[in-house]
Amino acid sequence: MDIISVAIVEDNHDIRTAMELLINGSDGYACIGAFNNAETAVEQIPSLLPNVVLMDFNLPGGMNGIECIARLKGEYPDMHFMMLTVYEDDDKIFQALEAGASGYILKKTPPSELLSAIRDLHEGGSPMSSQIARRVVAYFQKQAKPNPALEALTSREKEILDQLSKGFLYKEIASNLFISIETVRRHVHNIYEKLHVRSRTDAVNKYYNR
């Protein structure tokens, strides 16, 4: 098993020490740096090049965790950052993600789940506490704008348009929906008529409200 090197940026001494002990005491993980402020982290992390950086939000000094991530991510794009914080509000979540964090875990996360999240992040995932994931989903659901043009379509036509958007051929759509190819063609013709389009591309663009 590859060793995942981890750096911690956390100003609370007890929490920082507990995380160091957890990481160093677990097979496959090694804490190679622990810092209590962003300025020191920005100065020393480049010489350590950890696989994963666990970042708190509020830090002493002039730089917070999100600013720290933005500084380091710009120079080391392959480095993975995960917020480890008590904050659950939308603004901080999206500020962190925009700055370059790929994961967002709450401090109340059990140790075993934290270790799993570190490995997931290292392997290309984007681990988030369930509460955070729900907030992200809710945010994008609120941002989604209904497309009035689609209201004219029947439920079957919407199903077929969804299949078209995924690149399926007519015969594949027929197989997926257990209908004949001729039925697919008839529905597609009706979709084009109702959406006032002449091609699959135009129909899909309408589907995605573009």
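**Exercise 1.** Which residue in S4 does methionine 55 stand opposite?

*Solution.* This is a predicted model, in which local features need pLDDT of at least 70 and side-chain atom pairs count only at pLDDT 80 or more, while totals for chains, interfaces and linings use all residues. Residues are numbered from 1 along each chain as its sequence is written, and side-chain values use heavy atoms, with hydrogens and water left out. Helices (H or I, at least four residues) and strands (E, at least two) are DSSP runs, numbered from the N terminus. Strand S4 covers residues 80–85, and S3 pairs with S4 in the parallel sense over 4 bridges, where two strands count as paired if DSSP finds at least two bridges between them. Within S4, the residue opposite methionine 55 is methionine 83.

**Exercise 2.** Find the strands that are joined to S1, and state whether the residues of S1 are buried or exposed.

*Solution.* Begin with strand S2 (residues 29–35), which runs parallel to S1 and is joined to it by 6 bridges; here valine 9 has phenylalanine 35 as its bridge partner. Turn next to strand S3 (residues 52–55), also parallel to S1 and joined to it by 4 bridges, with valine 52 as the bridge partner of valine 6. Finally, consider burial, where buried means under 20% relative accessible area, exposed over 50%, and partly exposed in between (1.4 Å probe, protein chains only). In S1 (residues 4–9), 6 of 6 residues are buried, with Ile4, Val6 and Ile8 on one side and Ser5, Ala7 and Val9 on the other.

**Exercise 3.** Work out the strand order of the sheet and name the strands at its edges.

*Solution.* The 5 strands form an open sheet with parallel pairing, in the order S2-S1-S3-S4-S5. S2 and strand S5 (103–106) stand at the edges with a single partner strand each, so one side of each has no neighbour in the sheet.

**Exercise 4.** Describe how H2 and H3 pack, and which residues make the contact.

*Solution.* Two packed helices are described by the angle between their axes and the distance between the axes. For helix H2 (residues 38–48) and helix H3 (residues 65–75), the angle is about 20° and the axes are 10 Å apart, the axes being lines fitted to C-alpha atoms, for helices over the stretch in contact, with angles running from 0 to 180 degrees between N-to-C directions. H2 is therefore roughly parallel to H3, a description kept for angles under 35 degrees. The contact (heavy atoms within 4.5 Å) is made by Ala38, Ala41, Val42, Ile45 and Pro46 of H2 and by Cys68, Arg71 and Leu72 of H3.

Methods. Parallel < 35°, antiparallel > 145°, perpendicular 65-115°, else oblique.
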